[in-house]
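Let's take a walk through this structure together, from its pockets to its charged contacts. Please have a look at the sequence and the model first.

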Amino acid sequence: MTAAPPPTRLRSGHASETAHLTARARAADAVVEPGRRLLGDTYAHLFVTVAPPADSAEALERLTRLDRAHGGFLAEILLRQRYFEDLVALAVDAGVRQVLLLGAGYDTTALRLTAAEGVRFFEVDHPATQAVKLRTLAGAGLRTDHVTPVPLDFTTGAPLGDTLAAHGFDGTAPCVVGWLGVTYFLPGTACRATFGDLAAAVAPGSLLLFDYLDRSVVDGTSRYGGALEMARQVAVQGEPYVNGLTPDTAAALARAAGFEPLERLRVPDLVRRYGGERPYCCDDDFMGLVAARREGEGRDD
Ligand SMILES: C[S@@+](CC[C@H](N)C(=O)[O-])C[C@H]1O[C@@H](n2cnc3c(N)ncnc32)[C@H](O)[C@@H]1O
């Protein structure tokens with residue numbers, strides 16, 4: 001008889017520690033001097049339980065230490081968000097008024113884009129992480145009337161479309177979807193099912209951005225030692241990487257669900273595009289992003 005797998009951190013009711021790690025990186029980046037800063041997430045510090053760096057030099061010291069140990073993650077965490085925000089801006093300019101975040105964690109796009117009149121955010125996340133986010137936002141006294149939290153565990157088979165509709169999401173109007181930092185934590189079946197549910201839930205013309213982690217990091221054959229070490233650490237914390245993809249299998253998954261890939265980028269592409277002249281993080285190449293469009297006929301209005 002095989003032993004049952006240990007309960008994951010989220011299933012035991014604890015908020016995601018990887019979401020916290022991401023917020024820590026973004027909070028430190030926000031202290032880096034203008035010109036070298038990669039993202040500038042001015043709200044990330046709210047979610048961080050360690051003291052933020054005092055100044056740019058300390059921030060750079062912390063960030064480069066993390067980058068030396070686990071090169072590639074920092075670039076991906078900070079720059080996937082830059083890409084996403086560009087995509088949201090394009091979609092909003094084109095008239096899209098719904099942004100959907102799957103596995104939102106401590107993402108603060110909604111707080112920083114409040115100027116975009118009439119844009120509604122739907123933030124789907126595991127209830128354990130979402131509860132901490134909501135408490136933190138309330139404690140900071142921030143107005144989030146334009147954000148609808150949608151608690152959902154992607155591994156339970158709960159219907160994403162029905163749950164979104166019950167929270168006021170309009171499945172007939174196009175949206176832009178960010179599914180960032182999540183696919184590698186979901187078993188393959190739950191990941192595929194979520195692609196399918198998402199395709200059924202959103203209108204044709206909707207845009208999706210998701211990221212993936214190389215299969216070689218999950219199966220332990222990656223040549224990037226820092227990535228393997230991170231895989232070991234997150235497993236110890238109870239959030240193991242369980243689902244690795246390749247650029248081709250990631251695109252194929254999207255296509256099979258009805259999302260046509262528009263652009264595929266790897267970490268070096270992100271660093272070239274957004275890293276500036278002297279990026280403080282390296283571009284170890286074991287993760288990627290796919291931007292895709294929901295196929296099908298849109299509405300005629
Ligand atoms: C690394 S964080 C990424 C957060 C955010 N998207 C970002 O880029 O900062 C992973 C997120 O996935 C969520 N998550 C992981 N497994 C999940 C599941 N089974 N159902 C719902 N959310 C899940 C966690 O709660 C967490 O918010």
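**Pockets and salt bridges**

The lining of the largest pocket is made up of 28 nonpolar, 13 polar and nine charged residues. In this classification Ala, Val, Leu, Ile, Met, Phe, Trp, Tyr, Cys and Pro are nonpolar, Asp, Glu, Lys and Arg are charged, and the others, Gly among them, are polar. Before we go on, note that this is a predicted model, in which local features need pLDDT of at least 70 and side-chain atom pairs count only at pLDDT 80 or more, while totals for chains, interfaces and linings use all residues. Residues are numbered from 1 along each chain as its sequence is written, and side-chain values use heavy atoms, with hydrogens and water left out.

The largest pocket has a volume of about 910 Å³. A pocket here is an open set of points on a 1 Å grid over the protein atoms alone, where a 1.4 Å probe fits, with protein on both sides within 12 Å along at least five of seven lines; lining residues have an atom within 4 Å of a point. The volume is the space filled by probe spheres set on the points, which are joined across faces, edges and corners. Closest to the centre of the largest pocket, among its 50 lining residues, are Leu10, Thr18, Gly181, Phe185 and Glu239. Helix H1 gives the largest share of this lining, six residues; helices (H or I, at least four residues) and strands (E, at least two) are DSSP runs numbered from the N terminus.

H1 also gives the largest share, again six residues, to the lining of the second largest pocket, which holds about 400 Å³ of space. Its 21 lining residues include Leu21, Arg24, Ala25, Arg62 and Leu66, which lie nearest the centre.

Now to the charged contacts. A salt bridge is a side-chain nitrogen of Lys or Arg within 4 Å of a carboxyl oxygen of Asp or Glu, and the count comes to 16 salt bridges. One of them joins Arg112 and Asp41, with the closest N and O atoms 3.6 Å apart. This pair links distant parts of the chain, 71 residues apart: Arg112 is in helix H4 (residues 109-112), and Asp41 is in the loop between helix H1 (17-31) and helix H2 (56-69). Is Asp41 buried or exposed? Asp41 counts as buried because its relative accessibility is 2%, where buried means under 20% relative accessible area, exposed over 50% and partly exposed in between (1.4 Å probe, protein chains only). Asp41 and Arg112 also belong to a salt-bridge network with Glu85.
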